[in-house]
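Here is a short report for a reader meeting this structure for the first time. Please look over the sequence and the model before reading on.

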Protein chains: 2
Amino acid sequence: MIQFTLRQQDRQTKARLGQLRTARGVIEIPAFMPVGSLGSVKGLEPDDLHNLGFRLMLNNAYHLYLRPGHKVVAELGGLHAFTGWPGAILTDSGGFQIFSLAKLCKITDDGVTFQSHIDGSTHFITPETAIEIEEALGADIIMAFDQCVALPASREAIQEGVRRTTEWAKRCQGIRRRADQALFGIVQGGLEADLRRRSAQELVSLDFEGYAIGGLSVGESKADMYAMLDITAPELPEAKPRYLMGVGLPEDLIEGVARGIDLFDCVVPSRHGRTGWLFTGFGRVSIKQAQYTRDERPIDPDCGCPVCKRYSRAYLHHLFNVKEMLGSRLNTIHNLWYFADLMQRIRSSIERGTFLALRDEFYRARAAGAPNGEARDGADDDRRTGLD
Amino acid sequence: MIQFTLRQQDRQTKARLGQLRTARGVIEIPAFMPVGSLGSVKGLEPDDLHNLGFRLMLNNAYHLYLRPGHKVVAELGGLHAFTGWPGAILTDSGGFQIFSLAKLCKITDDGVTFQSHIDGSTHFITPETAIEIEEALGADIIMAFDQCVALPASREAIQEGVRRTTEWAKRCQGIRRRADQALFGIVQGGLEADLRRRSAQELVSLDFEGYAIGGLSVGESKADMYAMLDITAPELPEAKPRYLMGVGLPEDLIEGVARGIDLFDCVVPSRHGRTGWLFTGFGRVSIKQAQYTRDERPIDPDCGCPVCKRYSRAYLHHLFNVKEMLGSRLNTIHNLWYFADLMQRIRSSIERGTFLALRDEFYRARAAGAPNGEARDGADDDRRTGLD
């Protein structure tokens, strides 16, 4: 199982410093999880992730259920043995992917019928089968099966989603058999403050090992997302970890931490890396731009990552331009380093009582941009999908 | 420049053991060069290649001339600085790529007019511009600009190609300015024994630092290719390195070494890796096959590569099946290890006087196949293209 220790709380914000102990090691909190949808972060080996400092990664039950199948993974000893990842794993239950990727979803109280986005085959997933799949995959932390309502949606639809999510959460608890996995409930409620509160309260009464906030970063404004965090986080118990699903950009991590979030996952470091979007303290470096053709500097002269130590913007620009696979790998390594380093700096600042100063400095540095002005503010909107 | 030392010659075959000293380190001969057409072996970092034991890699002047351009590479300090590769580099002059990849080739004694395979733009390359490009790229070994005649071809066409290749070789020598690069001539002559001999003799009289055999592995039978090696190699000086271009499969390396070849390059370890063709001593493992879905064994239980140490066939099968980039990277690492290891075993066997025994054992093990019979003999034909 897991053991959550809250070491320190920020005095000026709701930021929390803690540790999550799992059978596969200790995760310093707050933490960002890289996403290996299909069992790998695209182009990276487990050792690469470990060397970047990550100790917890996310795999998607939906994708692994479709290919190679949860029973195959179970026969091979579970996800850790299958992928060779030595750290801890969290699996998303698949609810979000079914609603965002699959075709012809039909939802009843019983479960969800959908067509695979791969081959159109029909599948029926219930809370019970979702837990069966996640138990077969064998992650350290598993997520309850929830209904994620796409926004915008009517209040009635959101209300129905909250009701169903609570009912399904109970069924997930009822069917689970493995005592070595932690089960997290997922708060829904769209942008309706009272429904968010109700969803949180209902789930908390069921006493999960941790709580996630789902259904955000699906197209709403940042202000709306942050408002929902302000409303939801205080409803969650202090002594349990809180996980904001599918979020986000660097500023979202900072704002999430400030609102009491402990865990994040998102495809942006890897997916944006593959599109040439490189994260730095001074904003985005869009490596595809012609201005980098002869630029011998690293992506970020102040970055300590293995890519910035060895490769020039010119080489990364070339690799992107000629579509060399190595470019995707190097861009992803740089971006994941940036995310890991940001979380490390966040943790240090909470410990020292300087988290607000770090937040101010984050926005100041980004607004100032790079000396030669080539980098743009990386505040462009991002859309989450279940597939990286 | 380079310094070639012949340490030992096999008593039973024409196999040679030696060293090629360059400003960027010593290459043990016979050696296989991995191909980084556009400046990287797809999905691998320079450190990966170095850790696999390679000390000499090939980059393609044609591809780098088109993108990012030889002048850009020169401004960035040449290929070594641009790519971060610490070892030695050989650049192909582009002749083969122009004839195999480019559109609307027009050849005159002056040079070749062609259209870029990227954007259809028109280019004119002469022996003089080819050398200018290669000097700008800055490899340790550069190749003369030759005319590679596609087979089958009339004797007249091949004769014309030989004449032109010799004329162009002279012009390459005449125009070169950098004394720190070794220049190799390229023997042509198709499958015409007398023309091969003539081409070799004419080039040898021009006194290059090394000699390549070109225009093979372009669709002819293995017997034809080996026959041409039997005819050509004896025409080349003992004291200079001999390089068989674009070859080949493991058996071609063994047969090439037996015929006195010192250097090889080919895209097969990387390109075949990306298509799921994995090399082992017992033949090919086609990782896409469903039989590997639940196979917990490494690709080759006797292989010492980093992939076989960590990953199962089941995981590699899954990565291939879901088109994960990591699969290409891991398959390429395994294959390149196999090639590096094969060359190492070849060198050891020459030193010990057991090269013929190694050759026999190579064919015996492959014919025996894997214990469970899943691997097929990897003798399928392969076609070389200039792009990996």
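## Basis of the model

This is a predicted model, in which local features need pLDDT of at least 70, side-chain atom pairs count only at pLDDT 80 or more, and totals for chains, interfaces and linings use all residues. Residues are numbered from 1 along each chain as its sequence is written, chains are lettered from A and ligands numbered from 1 in the order in which they are written, and side-chain values use heavy atoms, with hydrogens and water left out.

## Chain A overall

Chain A has 15 helices and 16 strands. Both are DSSP runs numbered from the N terminus: helices are H or I with at least four residues, strands are E with at least two. The radius of gyration of chain A is 20 Å, close to the 21 Å from the globule rule for 388 residues, so the chain is as compact as a globular protein of that length. That radius is taken over C-alpha atoms, and the rule is 2.2 Å times the number of residues to the power 0.38.

The C-alpha trace of chain A spans about 60 × 50 × 40 Å along its principal axes. Of its 388 residues, 62% count as buried. Buried means under 20% relative accessible area, exposed means over 50%, and partly exposed is in between (1.4 Å probe, protein chains only). Among contacts in chain A with a separation of 6 or more, 68% join residues 24 or more positions apart. Contact means heavy atoms within 4.5 Å.

## Helix 6 of chain A

Helix 6 of chain A covers residues 127-137; 8 of its 11 residues are buried, so it is largely enclosed by the rest of the structure. Among the buried residues are P127(A), I131(A), E134(A), E135(A) and L137(A). G138(A) follows the helix, with a positive phi near 80°.

## A buried asparagine

N59(A) lies in strand 5 (residues 56-60) of chain A. N59(A) is buried, at 0% relative accessible area. A polar atom of its side chain lies 2.7 Å from the backbone oxygen of G36(A).

## Where the chains meet

The contact takes 37 residues from chain A and 36 residues from chain B. The area buried between them is about 3400 Å², with 56% from carbon and sulfur atoms. Buried area is the accessible area (1.4 Å probe) that two parts lose on being put together, summed over both.

There are 8 salt bridges between chain A and chain B. Each is a side-chain nitrogen of Lys or Arg within 4 Å of a carboxyl oxygen of Asp or Glu. One of them joins R329(A) to E45(B), with the closest N and O atoms 3.0 Å apart. On the side of chain A that touches chain B, the largest share, 6 residues, comes from helix 14 of chain A. That side divides into 17 nonpolar, 8 polar and 12 charged residues.

## V322(B)

V322(B) sits in the loop between helix 13 (313-321) and helix 14 (325-352) of chain B. V322(B) counts as buried, at 7% relative accessibility. V322(B) touches L38(A) and R67(A), not counting residues up to four places away in sequence.

Note on methods:
Ala, Val, Leu, Ile, Met, Phe, Trp, Tyr, Cys and Pro count as nonpolar, Asp, Glu, Lys and Arg as charged, and the others, Gly among them, as polar. A polar contact is a pair of N or O atoms within 3.5 Å; within protein, one must be able to donate a hydrogen and the other to accept it, and residues adjacent in sequence count only if both atoms are side-chain atoms.
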